[in-house]
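Please look at the sequence and the 3D structure below, and then follow the report on its charged pairs and its aromatic rings.

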Amino acid sequence: MASKSTASPASLLDELQTVLAHGTVARRVETLRRVTDLFLNNAVDYSDDQITVFDDVFNCLSRHIETSAKALLARRLAPIAKAPPQIIHALAFDDQIEVAAPVLSLSERLGDDALVENASSKSQAHLLAISMRRVLSGAVTDILVERGNREVVRSTVNNPGAEFSEQGFTRLVARAETDDDLAVCVGKRPSIPRHHYLKLIAKASASVKARLAAANPDRVNDVSAAVSEVARQARSAPGAIGEDTTIAHGLVRSLYEDGRLDEKEVASFAKAGKFDETNAAIACLAKVSVAVAEKMMIESKTEGVLILAKVSGLSWPTVKTIIAMRKDLADIEIADIDAAERTYERLRPSTAQQVLRFHRTQQATDPSPA
């Protein structure tokens, strides 16, 4: 086997020209093996210029060999941090998945731009390979969740190194409505934001609720099949209330007690997409528990928001901002915003108070903290 002391990358170029011009397929494969051995034996020591020479050699040979030889090259180069970048890119975009999969799953030479490009245009098998990478950014998982089939999406969700953007979680929760296994996987992710968890539970089947409860035996009674009680259940469900939510509620309560919580603050929270702060602020202004306000806020209909807002004395522009926040965070659609405005203008504060008293009564026997 050639070594760094007896051969150099540049010295192989002359041989490469001869092999490409006159060599058989077998000889090309043998030359590729020798070049790969030479590179792997000293990969950590090669300079960028030397790696570039290897890159040229690999690319020349890879265009004249059969698929099985390229697949072997991909498997050998994929784990190498300093692998030549151009050949890694070429292998990743090969239509044959046995060639592309090793580098898509393992190579550190592939950045987010290349992964997003690949996931946006290649086959489901390519997407599945990408989903198995040790680390996945939100930019990459956005494409995997959008384009991927069921197998790809589940593989991505089950990857502990995967990060998900706000858009990604919204799409996942939507897809989970018709896929119980996916719903369980999504619900068990520690990083799922609270408002997405609430939406997931609200739409989940009894089977999903039971499976989530089974995954946390100490809290088996925390998740039941009653969607009407989703807010109360979610407050004690696994991972539902985290440190960030507690801090948000505490901040809003402090503003309220200091007399600094007004409509301007509510609108600011809603415009920024801060569900926990908005919910807690409305609870304070309407003088209800956070649990009552939360339940009404996450209902698919808009009437709950209108009731809370009317009791809180909020103007329509602020209410409209809150409705927009719900749509952005939880993908809750409203059929006719103009109709909602007309309903809000007609709604009497006294009527809103009566409805709110009903919700308070429903919550009165709830042992969970407000």
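With which residue does R33 form a salt bridge? The partner of R33 is E30, and the closest N and O atoms of the two are 2.6 Å apart, where a salt bridge is defined as a side-chain nitrogen of Lys or Arg within 4 Å of a carboxyl oxygen of Asp or Glu. This is a predicted model, in which local features need pLDDT of at least 70 and side-chain atom pairs count only at pLDDT 80 or more, while totals for chains, interfaces and linings use all residues. Residues are numbered from 1 along each chain as its sequence is written, and side-chain values use heavy atoms, with hydrogens and water left out.

The protein has 23 helices and zero strands, helices (H or I, at least four residues) and strands (E, at least two) being DSSP runs numbered from the N terminus. Of its 370 residues, 49% count as buried, a word that stands for under 20% relative accessible area, with exposed meaning over 50% and partly exposed in between (1.4 Å probe, protein chains only).

| Salt bridge | N to O distance |
|---|---|
| R33 and E30 | 2.6 Å |
| K70 and D94 | 2.9 Å |
| R154 and D179 | 2.7 Å |

R33 and E30 both lie in helix α2, three residues apart, which is about one turn of the helix, and E30, R33, D37 and R76 are linked in a network of salt bridges. R33 is partly exposed at 37% relative accessible area, and E30 is likewise partly exposed at 34%. By contrast, K70 and D94 meet in a salt bridge; this pair links distant parts of the chain, with K70 in helix α4 (residues 67-77) and D94 in the loop between α5 (85-92) and α6 (97-106), 24 residues apart. Both K70 and D94 are buried.

The aromatic rings come next. Rings of Phe, Tyr and Trp (its six-membered ring) pair if their centres lie within 6.5 Å, and planes under 30 degrees apart count as stacked, over 60 as edge-to-face and the rest as tilted. By this rule the count comes to seven aromatic pairs. One of them, F39 with F58, is edge-to-face, at 6.2 Å centre to centre and 85° between the planes. F39 lies in helix α2 (residues 25-41) and F58 in helix α3 (residues 48-62), so the pair ties together parts that are 19 residues apart in sequence. F39 counts as buried at 0% relative accessibility, and F58 is buried at 0% too.
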